[in-house]
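Open the model in your viewer and keep the selection tool ready. We will go from whole chains to single residues.

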Amino acid sequence: MSPVMWHELVIKRRWIKDADFFSVISLATVVPGAIAVNIAYLLGRSLRGKSGSLVAVLGTILPSFFVILFIAFFLLPFFKYPKVAAFLHGCAIAVAGQLAFAGFIFGRKLLRRWQHFVVCAVGVITVGVFKLHPIWGLITASILGFWLCPENNL
Amino acid sequence: MQMLFKLFMSFALIGLGAYGGGLVTIPLIQYELVASRHWMEFDEMARILAIAQMTPGPIAINAATFTGFRLNGILGAMLATTAVVLPSILILITVVPWVEKFKDNRRASRIGQGVHLGVLSLIFYAVWSYGHAAIERWLDLVIAAGAFLFLIVFEGKVHPIIAILICGLIGMFVF
């Protein structure tokens, strides 16, 4: 979604400078939540203050909100049909492949030193072995990563 | 009423953990909706996630709207969607005034790196927990591995949606 936002805001409307857009993205990535919503909040705020951020966030959420409501409202009854169920089952399995792909891509980029492997392993063990809430895996690995890992240019 | 409160809390928690891309929300959603609250079976959640992936907009928000609607109609959809974005908005409201000092700070980049590793560990976990639940037969494994290889081979050239759609079409013929 961020390339689309970049094109719309930087190239087409010329509302903000390229460098500002990327500093917003870097903050939007560190704060929890969907990146698109965070970017919308930050840019809306810098362009038009509080009302700008409200409008930008609503503008990001509402289209998908209505698309999903439409799907849920009109298409949910069809999910029972064997062919539709088979299609969705195939899609759901593909998501497993997509998760593995994301693990591969991010792993290749992030796991550069032994400390990174340790941090990641601790995160996985917290959730997978000790069966804690996944959020604890995220918190443990984040804190450990901050504390244990030396400076690394990503 | 209690149900709505629980729905709100669940999605607020999911929103709190939803860093970056959105794939990391999958283990959180699975834990909250299936393992912890037993609101739906894994299969139903997986279908909702697949649709959330294929529809435009962030996965976490799409999944929140859909699940909220499924559990409690329009009211549920509105509540879950609000809940999923609220934590990040509140954090941004608190953090932004500080950010001018924070920007380009080495500490900020180290926090970012820690969070990235946390996200990565949850994605590794999700490959196992989601994969374990979604893949029941050899055929499923073959399709998942096919999607993985397809994405690797065409890395950056095709949108992941293409792989999901192809697997859906294959599914129509084989299941």
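Select chain B. Residues 24 or more positions apart account for 53% of its contacts with a separation of 6 or more. Two residues are in contact here if their C-beta atoms, placed from the backbone, lie within 7 Å. This is a predicted model: local features need pLDDT of at least 70, side-chain atom pairs count only at pLDDT 80 or more, and totals for chains, interfaces and linings use all residues. Residues are numbered from 1 along each chain as its sequence is written, while chains are lettered from A and ligands numbered from 1 in the order in which they are written.

**Chain B as a whole**

Color chain B by secondary structure. There are 7 helices and 0 strands. From the N terminus on, the elements run α-α-α-α-α-α-α. Helices (H or I, at least four residues) and strands (E, at least two) are DSSP runs, numbered from the N terminus. The C-alpha trace of chain B spans about 55 × 45 × 25 Å along its principal axes. Of its 175 residues, 51% count as buried. A residue is buried if 20 or more other C-beta atoms lie within 10 Å of its own, exposed if 12 or fewer, and partly exposed in between; the C-beta atoms are placed from the backbone.

**First stop: α2 and α3 of chain B**

Select residues 25-36 and 42-54 of chain B. These are helix α2 and helix α3, whose axes come within 10 Å and cross at roughly 140°. Axes are lines fitted to C-alpha atoms, for helices over the stretch in contact, and angles run from 0 to 180 degrees between N-to-C directions. The crossing of α2(B) and α3(B) is right-handed. A crossing is right-handed if the near helix is turned clockwise from the far one by less than a right angle, and left-handed if anticlockwise.

Now show side chains. On α2(B), pick B:I26, B:I29, B:Q30, B:L33 and B:V34; they meet B:F42, B:M45 and B:L49 in α3(B). The residues of this contact divide into 7 nonpolar, 1 polar and no charged. Ala, Val, Leu, Ile, Met, Phe, Trp, Tyr, Cys and Pro count as nonpolar, Asp, Glu, Lys and Arg as charged, and the others, Gly among them, as polar.

Stay here and select B:H38. It is found in the loop between α2 and α3 of chain B. Most residues other than glycine have a negative phi. B:H38 counts as exposed, because it has 8 C-beta neighbours inside 10 Å.

**Second stop: chain A**

Switch to chain A. Its secondary structure comes to 6 helices and 0 strands. Its C-alpha trace spans about 50 × 45 × 25 Å along the principal axes. The radius of gyration of chain A is 20 Å, whereas a compact globule of 154 residues would have one near 15 Å. That radius is taken over C-alpha atoms, and the globule rule is 2.2 Å times the number of residues to the power 0.38. Buried residues make up 41% of chain A.

Select A:K131, in the loop between α5 and α6 of chain A. Its phi is near 55°, a positive value in a residue other than glycine. A:K131 is exposed, as 10 other C-beta atoms lie within 10 Å.

**Third stop: where the chains meet**

Show both chains. 70 residues of chain A are in contact with 85 residues of chain B. The largest share of the chain A side, 23 residues, comes from α4(A). By class, that side has 48 nonpolar, 19 polar and 3 charged residues.

Zoom in on α4(A) and α7(B). They pack at an angle of about 140°, with their axes 7 Å apart. That makes α4(A) oblique to α7(B). Angles under 35 degrees count as roughly parallel, over 145 as roughly antiparallel, 65 to 115 as roughly perpendicular and the rest as oblique. The crossing of α4(A) and α7(B) is right-handed.

**Last stop: B:M172**

Select B:M172, which lies in helix α7 (residues 160-174) of chain B. Which residues does B:M172 touch, not counting those up to four places away in sequence? They are A:K83, A:A86, A:F87 and A:G90. B:M172 is partly exposed, with 16 other C-beta atoms within 10 Å. Finish with a distance: B:M172 and B:I162 are 15 Å apart, C-alpha to C-alpha, and 10 residues apart in sequence.
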